[in-house]
Amino acid sequence: MEAFEAKNVVAGDTDDVKQQCAALQRQVTTLLLALVVVSGTLSVFLWRQASYARADLEAVKQPAAQIIQAFNKQDKANMDNFVARLADYGRTHADFVPILNKYKITVPSVPITTSAPPATLIPKAATAPKK
């Protein structure tokens with residue numbers, strides 16, 4: 001391998017290096033200032049969106065409460081009846097139980113009665129006549 005040669009720094013080169021360092025320092029300062037401006041703008045935007053969301057929530061809260069109250073009065077009994085019928089169906093059809101488990105619907109613990117499939121007749125192999 002070749003030995004590295006030490007280069008003598010000429011006085012003109014040091015001024016050039018100083019100018020480059022000063023330019024880099026200005027660029028870093030400019031980028032940091034831009035970062036502060038962009039992050040401040042984003043913070044103001046998110047603050048305004050949160051205030052809009054709060055106002056929307058207040059506007060929707062009363063009608064939503066009325067809808068929930070109407071559901072609890074009228075449709076809850078129908079929904080409970082439907083879920084009970086699904087659980088009964090799962091009790092008689094074991095293949096449906098994983099779907100009920102997925103939606104956390106408990107199946108009554110009555111034992112499942114499955115009838116054994118009818119026995120199929122397997123014909124005996126025909127025997128070849130012996131010679």
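Begin by selecting D80 and K76, which form a salt bridge with their closest N and O atoms 3.7 Å apart; the term denotes a side-chain nitrogen of Lys or Arg within 4 Å of a carboxyl oxygen of Asp or Glu. The model is predicted: local features need pLDDT of at least 70, side-chain atom pairs count only at pLDDT 80 or more, and totals for chains, interfaces and linings use all residues. Residues are numbered from 1 along each chain as its sequence is written, and side-chain values use heavy atoms, with hydrogens and water left out.

**Helix α2**

Both D80 and K76 belong to helix α2 (residues 76-92), 4 residues apart, about one turn of the helix. Helices (H or I, at least four residues) and strands (E, at least two) are DSSP runs, numbered from the N terminus. D80 is partly exposed at 45% relative accessibility, and K76 is partly exposed at 37%. Buried means under 20% relative accessible area, exposed over 50%, and partly exposed in between (1.4 Å probe, protein chains only).

Next, select R91 and D88 in the same helix α2, 3 residues apart. Their salt bridge has its closest N and O atoms 3.9 Å apart. R91 is partly exposed at 25%, as is D88 at 36%.

**Helix α1**

Move to K61 and E58, both in helix α1 and 3 residues apart, about one turn of the helix. A salt bridge joins them, with the closest N and O atoms 3.6 Å apart. K61 is partly exposed at 45%, whereas E58 counts as exposed at 53%. The count of salt bridges comes to 3.

Now select V28, L32 and L35, which make a nonpolar surface patch of about 290 Å². Patches are made of residues with over 30% relative accessible area and no salt bridge; like charges are joined within 9 Å, nonpolar side chains (Val, Leu, Ile, Met, Phe, Trp, Tyr) within 5 Å. V28 lies in helix α1 (residues 11-74) and is partly exposed at 47% relative accessibility.

**After helix α3**

Select K104, in the segment after α3 (97-102). Its phi is near 60°, a positive value in a residue other than glycine. Most residues other than glycine have a negative phi. K104 counts as exposed, at 74% relative accessibility.

**The whole chain**

Of its 131 residues, 4% count as buried. The protein exposes about 12600 Å², of which carbon and sulfur atoms supply 64%; accessible areas come from the Shrake-Rupley method with a 1.4 Å probe, and for residues only the protein chains shown count as cover.
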